[in-house]
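Biologist: Hello! Could you walk me through this structure, one question at a time?

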Amino acid sequence: QEPFVADEYIERLAWRTPGGGSRGGEAFDPKRLLEEFVNHIQELQVMDERIQRKVEKLEQQCQKEAKEFAKKVQELQKSNQVAFQHFQELDEHISYVATKVCHLGDQLEGVNTPRQRAVEAQKLMKYFNEFLDGELKSDVFTNSEKIKEAADIIQKLHLIAQELPFDRISEVKSKIASKYHDLECQLIQEFTSAQRRGEISRMREVAAVLLHFKGYSHCVDVYIKQCQEGAFLRNDVFEDAAILCQRVNKQVGEIFSNPETVLAKLIQNIFEVKLQSYVKDQLEEHRKSDAEQYLKNLYDLYTRTTNLSSKLMEFNLGTDKQTFLSKLIKAIFISYLENYIEVEIGYLKSRSAMILQRYYDSKNHQKRSIGTGGIQDLKERLRQRTNLPLGPSIDTHGETFLSQDVVVNLLQETKQAFERCHRLSDPSDLPKNAFRIFSMLVEFLCTEHIDYALETGLAGIPSSDSKNANLYFLDVVHQANTIFHLFDKQFNDHLMPLISSSPKLSECLQKKKDIIEQMEVKLDMGIDRTLNCMIGQMKHILAAEQKKTDFKPEDENNVLIQYTNACVKVCGYVRKQVEKIRNSMDGKNVDTVLMELGVRFHRLIYEHLQQYSYSCMGGMLAICDVAEYRKCAKDFKIALVLQLFDTLHALCNLLVVAPDNLKQVCSGEQLANLDKNILHSFVQLRVDYRSARLARHFS
């Protein structure tokens with residue numbers, strides 16, 4: 001049995017044999033074990049022969065059964081071939097019979113069709129005779145339940161009567177026409193009653209009969225009229241219309257054979273009657289009296305109408321439903337959209353002017369007229385070239401005349417105007433209309449508000465020699481910068497999408513560029529004059545606080561201060577101005593203005609130090625002052641400014657260094673590249689300069 005392992009089999013046999021289990025022991029008997037192995041081998045041989053005979057017998061039996069099976073398969077194949085031949089013969093016979101049946105059917109139809117036509121003609125002649133006799137006796141005309149059959153007969157008789165000569169049977173034709181009209185009215189009445197009862201199947205039957213009558217369109221009109229009864233009870237006519245069309249769309253296919261035509265006619269009726277009347281009532285009320293409400297209503301109504309149109313696009317309305325719905329919308333709004341942009345511009349102009357005037361009134365400010373042309377242009381050119389104030393300075397009392405509330409209101413009005421323009425303008429006129437709205441924004445926000453504030457701010461900057469001057473122009477810069485960011489955001493978010501693919505894009509960009517450059521010129525001018533005023537204030541502080549005895553004290557051994565009072569006050573003033581500049585500007589503008597102020601600050605201190613003579617202790621005090629100025633310069637965070645004060649600090653060392661070391665100090669890293677005259681000018685400031693020893697060492 002599997003699994004068979006020979007070694008284990010031999011071991012088990014040895015253990016079962018007496019005397020064969022203990023190798024080398026006293027009980028081990030090799031002869032007996034050998035005898036047992038020989039006997040077991042003989043038994044295995046006998047078993048092998050017996051199994052071999054059994055295998056041979058099974059092989060013979062298998063070969064015999066295989067032959068019988070092959071013979072049976074051959075017999076089945078022959079039977080299958082015979083059955084297939086019979087099937088082919090049966091198929092051919094069926095085809096032959098079917099051909100005969102079709103031929104016979106065609107012959108019967110050829111005989112039956114003329115017979116049916118003859119029977120139909122006979123019936124029509126019979127009914128025609130009744131009209132000719134003037135008395136309708138047939139059950140089909142007298143029984144109201146057979147109105148469908150009567151309608152079919154009358155419709156055919158009406159067609160036949162149209163082809164007959166009028167003079168000879170005019171009376172009969174008029175009777176048939178009268179009956180035709182009566183049945184048509186009965187069918188329409190039946191359709192109306194069925195619709196009120198909600199019997200869809202009956203409505204479908206009557207509509208199918210009326211399809212061949214001239215009054216079929218009247219049936220559709222009745223259906224449309226009754227559909228709308230009780231459908232418009234809420235205040236939202238657009239939502240009511242959408243619900244009605246959705247309900248009718250599910251129903252109309254079960255009633256009419258041409259549902260898309262009926263639904264389209266219903267939608268046309270809703271637009272031309274309900275919506276047009278509603279829109280007219282809403283708009284005409286405010287058209288001449290309230291432009292703001294008129295524009296809001298127009299935008300809202302047009303938006304809701306187009307949204308309704310989008311919902312109706314889901315329904316089957318025929319081939320070109322987009323054009324169909326667009327024409328319906330255009331028919332309602334064409335009289336309002338033709339002059340929309342004129343109303344928009346007029347409203348925007350008056351509204352913007354009112355917002356600005358209300359702001360200036362709240363400040364009790366009478367807006368000055370900024371003239372153009374002639375003398376004003378000459379003044380402007382001179383001011384740009386010389387940067388000098390032309391005319392008296394105006395005291396603005398710290399008012400910038402810029403208001404974020406005003407700006408937000410103007411931008412909000414313009415944003416709404418852009419949205420209305422996008423929705424209400426014809427695509428071909430959209431870029432042109434958007435540009436006109438943008439021009440209004442530039443006029444009132446940029447010119448009338450920001451530019452006016454800049455002009456007023458420039459006029460309010462005091463002269464550089466004014467004492468204790470209040471500098472408010474940086475506040476104007478700060479607010480103008482914030483406002484222009486808002487202006488730029490609206491330009492990108494709301495105007496660009498409307499003009500991005502039109503020639504007006506370049507025109508708008510150029511207009512924006514021109515207004516930016518115009519404002520930058522005035523901002524630069526105002527900042528420059530403000531910096532001059534700052535330097536002027538520093539000059540006043542130095543002139544008032546700095547004394548000649550500061551750097552040449554009478555008692556060299558009794559100097560108790562670390563730096564002069566003038567230095568303290570100047571540094572305090574500068575730090576306030578640096579902080580104000582950082583709060584008023586952003587980006588690279590901060591570094592640019594601070595660098596300019598730092599350079600001017602350095603020039604002022606440099607020229608100021610050149611005005612005094614310095615003793616040894618006075619020179620030390622000057623070095624302490626410059627060190628404090630340099631510490632103040634670090635607040636600028638501008639490398640050039642710090643470098644200038646580092647050099648100035650090194651120059652001040654020339655005021656105290658021993659005469660023997662002057663040449664060594666002058667050739668140091670910070671002073672080696674300076675002009676010799678500059679070095680000489682600082683050495684000359686020493687009180688001991690005229691001594692022969694010092695002059696000899698420096699020469």
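Modeller: Gladly, and please keep in mind that the model is predicted. Let us start with a charged pair: K489 and D493 form a salt bridge. Between their closest N and O atoms the distance is 2.6 Å.

Biologist: Is D493 buried, partly exposed or exposed?

Modeller: The relative accessible area of D493 is 39%. Buried would require under 20% and exposed over 50%, so D493 counts as partly exposed.

Biologist: Which residue pairs with K512 in a salt bridge, and in which helix is that partner?

Modeller: Side chains of opposite charge can pair when their charged atoms come close. For K512 the N to O distance in its salt bridge is 2.3 Å, and the partner is D488. K512 lies in helix 17, so the pair ties together parts that are 24 residues apart in sequence, the partner D488 being in helix 16.

Biologist: Where in the chain are the two residues of the E399 and K363 salt bridge, and how many residues apart are they?

Modeller: The side chains of E399 and K363 meet at 3.5 Å, N to O. This pair links distant parts of the chain, with E399 in the loop between helix 13 and helix 14 and K363 in the loop between helix 12 (340-362) and helix 13. Their separation is 36 residues.

Biologist: What relative accessibility do E399 and K363 have, and how do they count?

Modeller: K363 has a relative accessible area of 37%, so K363 is partly exposed. For E399 the relative accessibility is 22%, so E399 counts as partly exposed.

Biologist: How many salt bridges does the count come to, and which residues are linked in a network?

Modeller: The count comes to 26 salt bridges. A network of salt bridges links R575, E628, K631 and D635.

Biologist: Where is F401, and is it buried or exposed?

Modeller: F401 sits in the loop between helix 13 (375-386) and helix 14 (404-424). Its phi is near 60°, a positive value in a residue other than glycine. With a relative accessible area of 7%, F401 is buried.

Biologist: K637 also has a phi near 60°. Is K637 buried or exposed?

Modeller: K637 lies in the loop between helix 20 (616-634) and helix 21 (639-652). Its relative accessible area is 70%, and exposed means over 50%. K637 is therefore exposed.

Biologist: Which residues make the nonpolar surface patch, and what is its area?

Modeller: The patch is made by L44, M47, I51 and V55. One of these, L44, is found in helix 2 (residues 30-133), and L44 counts as partly exposed because its relative accessibility is 39%. The area of the patch is about 320 Å².

Biologist: What does the UniProt record say about residues 41-79, and how far apart are the end C-alpha atoms?

Modeller: The UniProt annotation, from an unreviewed entry, is "coiled-coil region". In the model, the span is 100% helix and 0% strand. Its end C-alpha atoms lie apart by 57 Å.

Biologist: Which residues form the negative surface patch, and is D524 buried or exposed?

Modeller: D514, E517, E520 and D524 form this negative patch. D524 lies in helix 17 (residues 504-545). Its relative accessibility is 51%, so D524 counts as exposed.

Biologist: Where is P553, and what distance separates its C-alpha atom from that of M617?

Modeller: P553 is found in the loop between helix 17 and helix 18 (565-584), and P553 is buried, with a relative accessible area of 16%. P553 and M617 are 64 residues apart along the chain, and their C-alpha atoms are separated by 7.6 Å.

Conventions. Residues are numbered from 1 along each chain as its sequence is written. This is a predicted model: local features need pLDDT of at least 70, side-chain atom pairs count only at pLDDT 80 or more; totals for chains, interfaces and linings use all residues. Side-chain values use heavy atoms; hydrogens and water are left out. Patches are made of residues with over 30% relative accessible area and no salt bridge: like charges are joined within 9 Å, nonpolar side chains (Val, Leu, Ile, Met, Phe, Trp, Tyr) within 5 Å. Accessible areas come from the Shrake-Rupley method with a 1.4 Å probe; for residues, only the protein chains shown count as cover. A salt bridge is a side-chain nitrogen of Lys or Arg within 4 Å of a carboxyl oxygen of Asp or Glu. Helices (H or I, at least four residues) and strands (E, at least two) are DSSP runs, numbered from the N terminus. Buried means under 20% relative accessible area, exposed over 50%, partly exposed in between (1.4 Å probe, protein chains only). UniProt positions are given in the numbering used here, feature names are shortened, and annotations may be inferred rather than shown by experiment. Lys and Arg count as positive and Asp and Glu as negative; His and the chain ends are not counted. The place of a charge is taken as NZ of Lys, CZ of Arg, CG of Asp or CD of Glu.
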